[in-house]
Amino acid sequence: MGANASNYPHSCSLRVGGNSQAQQTFIGTSSYSHEGYGCESKLYSLDHGHEKSQDKKKRTSGLATLKKKFIKRRKSNRSADHAKQMRELLSGWDVRDVNALVEEYEGTSALKELSLQASLARPEARTLQKDMADLYEYKYCTDVDLIFQETCFPVHRAILAARCPFFKTLLSSSPEYGAGIIMDINTAGIDMPMFSALLHYLYTGEFGMEDSRFQNVDILVQLSEEFGTPNSLDVDMRGLFDYMCYYDVVLGFSSDSELVEAFGGNQNCLDEELKAHKAVISARSPFFRNLLQRRIRTGEEITDRTLRTPTRIIIDESIIPKKGAKVILYCMYTDVVDLSVLHCSPSVGSLSEVQALVAGKPNMTRAEEAMELYHIALFLEFNMLAQEETTVSRPACAAELSNSCLLPQSYI
């Protein structure tokens, strides 16, 4: 009986202002919390002043009219006669044109279904991060050894130098191949598993082990002060591609008749060669990985290491054009397909491009360029680029189709 009405939800209290003819009603809605039965109120004000009946009628009729307009518009959208609009569109068409349109629609629908089924069937393409994790785990083409707590960690000089200022300074003092560098870390509490996890982070951008010690902010601050804070993986890998520090392989391009001469060590075409890192191309492409491992088995790699010269890989331009190789290399370092590289100036074009111009062949369309890259990616077993090219070539093919089709591109 003595309960306070304000403790209940939706309770009302009247507050009278100075004017006896105008009063406001404040409706408070209460919300309870499970602990302490706290109450928060939101107040909504309703003015009950003098209002003319004519103004009220105008306002009511205006809202009703607006409501009718919305309802009418919604009904018109629902009841749109698409068949009638299609008949009006095709009323002036020839029967052959209509038949061609139907075939285009059926072909596009079948292609869309086929593409969907293919995407579901094929395995997921490996990203740069996953391939870099495998590179650290399986130690492809390592060129320097880090020794920490009597444990040897084979690593890649170029990647660590690009990712960490500490290693960039440390490795510059030991430039020889296969150097063994003893690590002296000032940060306390770093053991062998944590050091391995730190290297894994530099390769992939994420820690490879769930160690509670890495959750300690103090240790992370000390590591960042000693080693420096790296950028994101894609930024550092793009910088590695741009500057090519510690590159150890060059890709040369030649026609069939020049392959023997190129293998003989012709250095006159160095400007036409592309620099790269064995670690990156072996991690991203099983084709290059098998090629480099075969060179190690046959002893060719020992000769390059003794002479301290980068390994030269000669590529037949009839199979892999130089401009296509640029796109592939950039994608290996960044996971980005940049087709603008294909449209370079003729002065830096490839031999196959010059031969095509001499033969009077027209320039390839964007769709043909994308399909050429797709086949090159399949040849190099670079699935990431192959799957990206399927997404790039679809809009390109659609654009070409719109040029020869009966409908504008928005219909495709």
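Helices (H or I, at least four residues) and strands (E, at least two) are DSSP runs, numbered from the N terminus. The model is predicted: local features need pLDDT of at least 70, side-chain atom pairs count only at pLDDT 80 or more, and totals for chains, interfaces and linings use all residues. Residue numbers start from 1 along each chain as its sequence is written, and side-chain values use heavy atoms, with hydrogens and water left out.

**View 1. The second largest cavity and its lining.** The whole structure holds 3 cavities of 30 Å³ or more. A cavity is a set of points, on a 1 Å grid over the protein atoms alone, where a 1.4 Å probe fits but cannot get out; lining residues have an atom within 4 Å of a point. Volume here is the space filled by probe spheres set on the points, with grid points joined across faces, edges and corners. Its lining includes Leu251, Phe288, Ile315 and Leu380. Helix H14 (residues 322-334) gives the largest share of this lining, 4 residues. By class, the lining has 9 nonpolar, no polar and no charged residues. Ala, Val, Leu, Ile, Met, Phe, Trp, Tyr, Cys and Pro count as nonpolar, Asp, Glu, Lys and Arg as charged, and the others, Gly among them, as polar.

**View 2. Helix H14 against helix H16 (residues 366-379).** Their axes come within 10 Å and cross at roughly 70 degrees. Axes are lines fitted to C-alpha atoms, for helices over the stretch in contact, and angles run from 0 to 180 degrees between N-to-C directions. H14 and H16 are therefore roughly perpendicular to each other. Angles under 35 degrees count as roughly parallel, over 145 as roughly antiparallel, 65 to 115 as roughly perpendicular and the rest as oblique. Lys323, Gly324, Val327 and Ile328 of H14 touch Glu369, Leu373 and Ile376 of H16; contact means heavy atoms within 4.5 Å. These residues divide into 4 nonpolar, 1 polar and 2 charged.

**View 3. Helix H12 (residues 286-298) packed on helix H13 (residues 300-307).** The angle is about 85 degrees, and the axes lie 4 Å apart. That makes H12 roughly perpendicular to H13. Arg295, Ile296 and Thr298 of H12 meet Glu300, Glu301, Asp304 and Arg305 of H13. The contact has 1 nonpolar, 1 polar and 5 charged residues.

**View 4. Helix H4 (residues 128-138) packed on helix H7 (residues 192-204).** The angle is about 140 degrees, with the axes 8 Å apart. H4 and H7 are therefore oblique to each other. On the H4 side are Gln129, Met132, Ala133, Leu135 and Tyr136; on the H7 side are Ser196, Leu199, His200, Tyr203 and Thr204. By class, this contact has 6 nonpolar, 4 polar and no charged residues.

Conventions:
On a 1 Å grid over the protein atoms alone, a cavity is a set of points where a 1.4 Å probe fits but cannot get out, and a pocket is an open set with protein on both sides within 12 Å along at least five of seven lines; lining residues have an atom within 4 Å of a point.
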